[in-house]
Amino acid sequence: MTAKATYVGNLRVENLHIKSNTKYFTDAPTDNHGKGEAFSPTDTVATALANCMLTVMGIKAEQLQVELKNTYAEVTKTMASNPRRISKVEVKIHFPKVFDDKTTQILEKTAKTCPVLQSLHPDMQKDIEFIYPAK
């Protein structure tokens, strides 16, 4: 078992990661009967994409012996209705420094092969942008 999700009432779910015993909560969003006091389940999907991209780039960066510390992603999720679903995820990955062209190509290609990106429905629009400081 990977995780245990328990409905605790008031449209809130407690999520337990079995191996590490860490927890996080999800809450229904304000536009769907919730209080919006925590990530919604769809927020976690959109954010998982950024987490996955940063993680696989981190693995590749270690292999390339380059530093990715303080690289961050901004995530924007757009919902659709009928059926209610994520229609678009925008991820802007901000790098704290400029890399040489070869490293840049490798990191960007690696990000685009992350398992979460490969698992998302093909009809979902995915806008991925890589942002570097001005040279």
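Trainee: How many salt bridges does the rule find across the interface of domain 1 and domain 2?
Mentor: Bear in mind that this is a predicted model, where local features need pLDDT of at least 70 and side-chain atom pairs count only at pLDDT 80 or more, while totals for chains, interfaces and linings use all residues. Residues are numbered from 1 along each chain as its sequence is written, and side-chain values use heavy atoms, leaving out hydrogens and water. A salt bridge here is a side-chain nitrogen of Lys or Arg within 4 Å of a carboxyl oxygen of Asp or Glu. Across the interface of domain 1 and domain 2, the rule's count is one.

Trainee: Which residue forms a salt bridge with arginine 84?
Mentor: The assignment, which comes from an automatic or database source, gives domain 1 as 1–39 and domain 2 as 41–131. The closest N and O atoms of the pair are 3.0 Å apart, and the partner of arginine 84 is aspartate 31.

Trainee: How much area do domain 1 and domain 2 bury between them?
Mentor: Their centres, taken over C-alpha atoms, are separated by 23 Å. Eight residues of domain 1 are in contact (heavy atoms within 4.5 Å) with five residues of domain 2. Buried area is the accessible area, with a 1.4 Å probe, that two parts lose on being put together, summed over both. With 60% of it on carbon and sulfur atoms, the area buried between domain 1 and domain 2 is about 500 Å².

Trainee: Is aspartate 27 buried or exposed?
Mentor: Aspartate 27 pairs with arginine 12 in a salt bridge of 3.7 Å, N to O. The bridge ties together parts 15 residues apart in sequence, because aspartate 27 lies in strand β3 (residues 22–27) and arginine 12 in strand β2 (residues 12–17). The cut-offs are under 20% relative accessible area for buried, over 50% for exposed and partly exposed in between (1.4 Å probe, protein chains only). Arginine 12 is partly exposed at 22%, whereas aspartate 27, at 1%, is buried.

Trainee: Which strand holds lysine 77, the partner of aspartate 43?
Mentor: The side chains of aspartate 43 and lysine 77 meet in a salt bridge at 2.7 Å, N to O. Both are partly exposed, aspartate 43 with 24% relative accessible area and lysine 77 with 23%. Helices (H or I, at least four residues) and strands (E, at least two) are DSSP runs, numbered from the N terminus. Aspartate 43 sits in helix α1 (residues 41–64), and 34 residues away, lysine 77 belongs to strand β4.

Trainee: Which side chain is joined to that of histidine 94 by a polar contact?
Mentor: Histidine 94 lies in strand β5 (residues 85–94) and is buried, with 15% relative accessible area. Residues that histidine 94 touches include Asn70, Thr71, Tyr72 and Ile131. A polar contact pairs N or O atoms within 3.5 Å; within protein, one must be able to donate a hydrogen and the other to accept it, and residues adjacent in sequence count only if both atoms are side-chain atoms. At 3.1 Å, the side chain in polar contact with histidine 94 is that of glutamate 74.

Trainee: And which backbone oxygen does the side chain of threonine 110 reach?
Mentor: Threonine 110 is in helix α2 (residues 101–111), and at 13% relative accessibility it counts as buried. Beyond four places away in sequence, threonine 110 touches Val56, Met57 and Lys60. At 2.7 Å, its side chain reaches the backbone oxygen of isoleucine 106.
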